[in-house]
Amino acid sequence: ARRRYAGRNPRSRERFEAAATALPGGNTRTVLYHPPFPLGIVRGDGCRIWDADGHEYINLVGEYTAGLYGHSHPVLLAAVRRALDGGVNLSGHTMVEGPFAAAIQRRFPSMELLRFTNSGTEANTLALATATLHTGRRKVLVFDGGYHGSVLSFHGGRGDPLNLPHEFVVATYNDPAAADLVDDDTAAVLVEPVLGSGGCIPGTAEFLSALRRAATRSHSLLIFDEVMTSRLSAGGRQAQLGIAPDLTTIGKYIGGGMSFGAFGGRRDVMERFDPTRPGAVAHPGTFNNNVLTMSAGLAGLTEVYTPEAAVALNARGDALRERLAALTAGLPVHVTGIGSMFAVHFTARPPTNAAEADRADPRLGELLFLDLLERGVHVARRGMVALSLAVGDAECDRFVAAVEAFLADRRDLLR
Ligand code: PMP
């Protein structure tokens, strides 16, 4: 399959090899690398993308949830063009950042006050720094398979070598007993309400409530990383669960497709950033309020991804997941996730944590990815799908048909 892929994509290979003279391995986003070389993408429109060799794909990667609006939403294009026409890098506060923050606050009431950053990584970095400052403690409880950014990544029960130097304790996702690890030295519990990169594995209400109670009991801060899950309802996963974290981090689609992140939460915690107060902490940041992000994000949240649109998008995802579940019934193939984000696992049972997800045969995951590409459907290499608003019934049908054909072609390998 790899040989066929290489044969079909000579221009992508050329791009890859040429870029390697300036970028390590031709790469500046590790998540996009896969052997023998990743595709070069030249254009996108709606839910379609085209690669350097002219192949067209239905884009179900959805930029790992950041691409919720599709590639060329007219409302966002208009907002960005207006902002460009007004000039960028304005050296001051803009008229859109306040309204954008207020729009987020209306949707996520636990974010009583918030600050913008340029990425989800930065949002989580700042949230943890804020928690250690607020509590005067250093320990941070995180979960195996958790991904909170390129300096906050946990796998195989450990942190990555590049991680920030907090005192991390890595627990098992969906294990309510992890709450017992929260004590009077704990500054924060940092958790994704659905393990995103770790396999679209929903956190149970029991697990997440246990963390909420433990954080309250020991006066540590519960941080929900909703960088991915903020799309699951108008108010994110926290609204669906009825659990209010002390701090929330968001990113991805909420910036309307531009570079974006934000962190926010309890007023008494976030007021530390208020520069009118004595002893305020500084959080400068040249691009925190960049006018392209602020404009696109505000237009997206208020005019496009309305609460009704959130219901419809996630219902589409649930329906699609049910169709896939019907196709794979009785096979060692499971589709986990919620609403518009899900992932395919080649495991005997649906995984409930990262270690269970890691038991999958990686060769089957790669075959699914490569086979679907040949059928004009682009899912993430790790088997993840994040729907955009541009994906319609016809695209869902084509995806289901492509998976059905994969299962038929590869049935010898799936016993
Ligand atoms: N948190 C989660 C849950 C994420 O999925 C990601 C990105 N995949 C991040 C944080 C980091 O966001 P960014 O890539 O914008 O730094």
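Trainee: How many bridges join β16 to β18, and in what sense do these strands run?

Mentor: In this predicted model, β16 and β18 are joined by 3 bridges and run antiparallel. Because a pair requires at least two bridges, β16 and β18 with their 3 bridges count as paired. Within this pairing, methionine 341 has alanine 386 of β18 as its bridge partner.

Trainee: What makes the arrangement of β15, β16 and β18 an open sheet, and in what order do they stand?

Mentor: The order of the 3 strands is β15-β16-β18, with antiparallel pairing. β15 and β18 (384-386) each have a single partner strand and stand at the edges, so one side of each has no neighbour in the sheet. On average, neighbouring strands here are turned by 20 degrees against each other, direction ignored.

Trainee: Which helix packs on the sheet, and what is its direction relative to β15?

Mentor: α10 packs there and touches β15 and β16. The direction of α10 makes about 165 degrees with that of β15.

Trainee: Into which domains is the protein divided?

Mentor: Domain 1 comprises 2-60 + 306-413, and domain 2 comprises 74-304. Their C-alpha centres lie 27 Å apart.

Trainee: How many residues of domain 1 are in contact with domain 2?

Mentor: With contact taken as C-beta atoms within 7 Å, 20 residues of domain 1 meet 19 residues of domain 2. On the side of domain 1 that touches domain 2, two or more residues come from each of α10 (307-328), β15 (334-338), β16 (341-345) and α11 (354-357). That side has 12 nonpolar and 8 polar residues, and no charged ones.

Trainee: In what order do the 7 strands of the open sheet stand, and what is their pairing called?

Mentor: The order is β4-β14-β13-β12-β9-β5-β8, and the pairing is mixed. At the edges are β4 (113-117) and β8 (167-171), each of which pairs on one side only. Between neighbouring strands of this sheet, the average turn is 20 degrees, direction ignored.

Trainee: How many bridges link strand β9 and strand β12, and in which sense do they pair?

Mentor: Strand β9 (residues 186-191) pairs with strand β12 (residues 221-225) over 4 bridges, in the parallel sense. Leucine 190 has isoleucine 223 of β12 opposite.

Trainee: What is the handedness of the crossing in which α4 passes α9?

Mentor: The crossing is left-handed. The axes of helix α4 (residues 97-107) and helix α9 (residues 291-304) cross at roughly 35 degrees and come within 9 Å. The name applies because the near helix is turned anticlockwise from the far one by less than a right angle.

Trainee: Which residues in α4 meet residues in α9?

Mentor: From α4 they are Glu97, Pro99, Phe100, Ala103, Ile104 and Arg107, which meet Met294, Gly297, Leu298, Leu301 and Thr302 in α9. By class, this contact has 7 nonpolar, 2 polar and 2 charged residues.

Trainee: How many residues surround the ligand, and which are the closest?

Mentor: The ligand is surrounded by 16 residues, with Ser119, Gly120, Thr121, Gly149 and Val227 the closest. Helix α5 (residues 120-135) gives the most to this shell, namely 3 residues. The shell divides into 10 polar, 4 nonpolar and 2 charged residues.

Trainee: What makes the peptide bond from proline 35 to proline 36 cis?

Mentor: Its omega is near 0 degrees. Proline 36 is in the loop between α2 (10-19) and β1 (41-45).

Trainee: What is the value of phi of glutamate 63?

Mentor: Phi of glutamate 63 is near 45 degrees, which is positive in a residue other than glycine. Glutamate 63 lies in the loop between β3 (56-59) and α3 (74-85).

Definitions and conventions:
Residues are numbered from 1 along each chain as its sequence is written. This is a predicted model: local features need pLDDT of at least 70, side-chain atom pairs count only at pLDDT 80 or more; totals for chains, interfaces and linings use all residues. Domain bounds come from an automatic or database domain assignment. Two residues are in contact if their C-beta atoms, placed from the backbone, lie within 7 Å. Ala, Val, Leu, Ile, Met, Phe, Trp, Tyr, Cys and Pro count as nonpolar, Asp, Glu, Lys and Arg as charged, and the others, Gly among them, as polar. Axes are lines fitted to C-alpha atoms, for helices over the stretch in contact, and angles run from 0 to 180 degrees between N-to-C directions. A residue is near a molecule or strand if its C-beta atom, placed from the backbone, lies within 6 Å of it.
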